[in-house]
Amino acid sequence: MIPSSIKIPVPWEYVAPHGALCLGVEPATDFDRRGQDDDQLRDKETGERVWLVKVLDLDPEAGKFGASKELKVKVVAAHQPVPPTSTVPGYPPLVEFTDVTLTPYVDSQKCKGNGAKCRARQAWSVRASAMTEPQQAAKPKAA
C-alpha cells in the first residue's frame, strides 16, 4: 500500500526549470498551537521548525489557466533560511532548494455546496532541506 503522505524526491530543476525568485521567508503556523507563545509548525519526523519560502516561478507558462506563478516551499530547518544576496539591484534573488520532495494532495478549496460543482484539483506540497544560491545561472529552456 502507498502511504498517504508519500514524499517523491525530485531535483529542484524539475519544479522550476526556468528558475525562481525569493519573495520572502516566514515561519509556518501550527494551527493547533495558534495563540501560544511559540506556534511555529514542527516537522512530524524530525521535530525541526518549518519555514515557508514564497517564490516566483520564472516559467513563462506558469501563470496560465488561472494558476498562480507563486508557490511556497516548506523548508525544514532549525534556523530561518536566509536568501542569498540579489545579483541584480532592485530585484529579488534567484534561489534553489536542496533535498526537494513533492507530496500530492487534493486541493478542494474551490468546492462549493453538495459537490455537484466541485472544482477540486490535484496539487503538490513542495518541501526542501535548505535554500541556496543557484549553482549555475538559470537558463530558460526552449519551448
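**Exercises: a pocket and its sheet**

In this predicted model, β6 (101-107) and β7 (121-128) each supply at least two residues of the lining of the second largest pocket.

**Exercise 1.** Describe the second largest pocket by volume, lining and class.

*Solution.* 
Step 1. Take the volume: about 380 Å³.
Step 2. List the lining. It has 15 residues, and the closest to the pocket centre are Lys-7, Asp-43, Lys-44, Lys-74 and Arg-127.
Step 3. Find the top contributor. β6 gives the most to this lining, with three residues.

**Exercise 2.** Work out how β6 pairs with β1 and with β7.

*Solution.* 
Step 1. Start with β1 (residues 8-9). Two bridges join β1 to β6, and the two strands run antiparallel.
Step 2. Pick a bridge: Pro-9 has Thr-101 of β6 as its partner.
Step 3. Turn to β7. Seven bridges link β6 and β7, again in the antiparallel sense.
Step 4. Check a pair: Asp-107 stands opposite Arg-121 in β7.

**Exercise 3.** Place the strands in the sheet and name its edges.

*Solution.* 
Step 1. Write the order of the eight strands: β1-β6-β7-β4-β3-β2-β5-β8.
Step 2. Classify the sheet. It is open, with mixed pairing.
Step 3. Read off the edge strands. These are β1 and β8 (130-132), each pairing on one side only.
Step 4. Examine β2 (residues 20-27) and β3 (residues 50-57). They pair in the antiparallel sense over seven bridges. Here Val-25 stands opposite Val-53 in β3.

Notes. Residues are numbered from 1 along each chain as its sequence is written. This is a predicted model: local features need pLDDT of at least 70, side-chain atom pairs count only at pLDDT 80 or more; totals for chains, interfaces and linings use all residues. Side-chain values use heavy atoms; hydrogens and water are left out. On a 1 Å grid over the protein atoms alone, a cavity is a set of points where a 1.4 Å probe fits but cannot get out, and a pocket is an open set with protein on both sides within 12 Å along at least five of seven lines; lining residues have an atom within 4 Å of a point. Grid points are joined across faces, edges and corners, and a volume is the space filled by probe spheres set on the points. Helices (H or I, at least four residues) and strands (E, at least two) are DSSP runs, numbered from the N terminus. Ala, Val, Leu, Ile, Met, Phe, Trp, Tyr, Cys and Pro count as nonpolar, Asp, Glu, Lys and Arg as charged, and the others, Gly among them, as polar. Two strands pair if DSSP finds at least two bridges between them.
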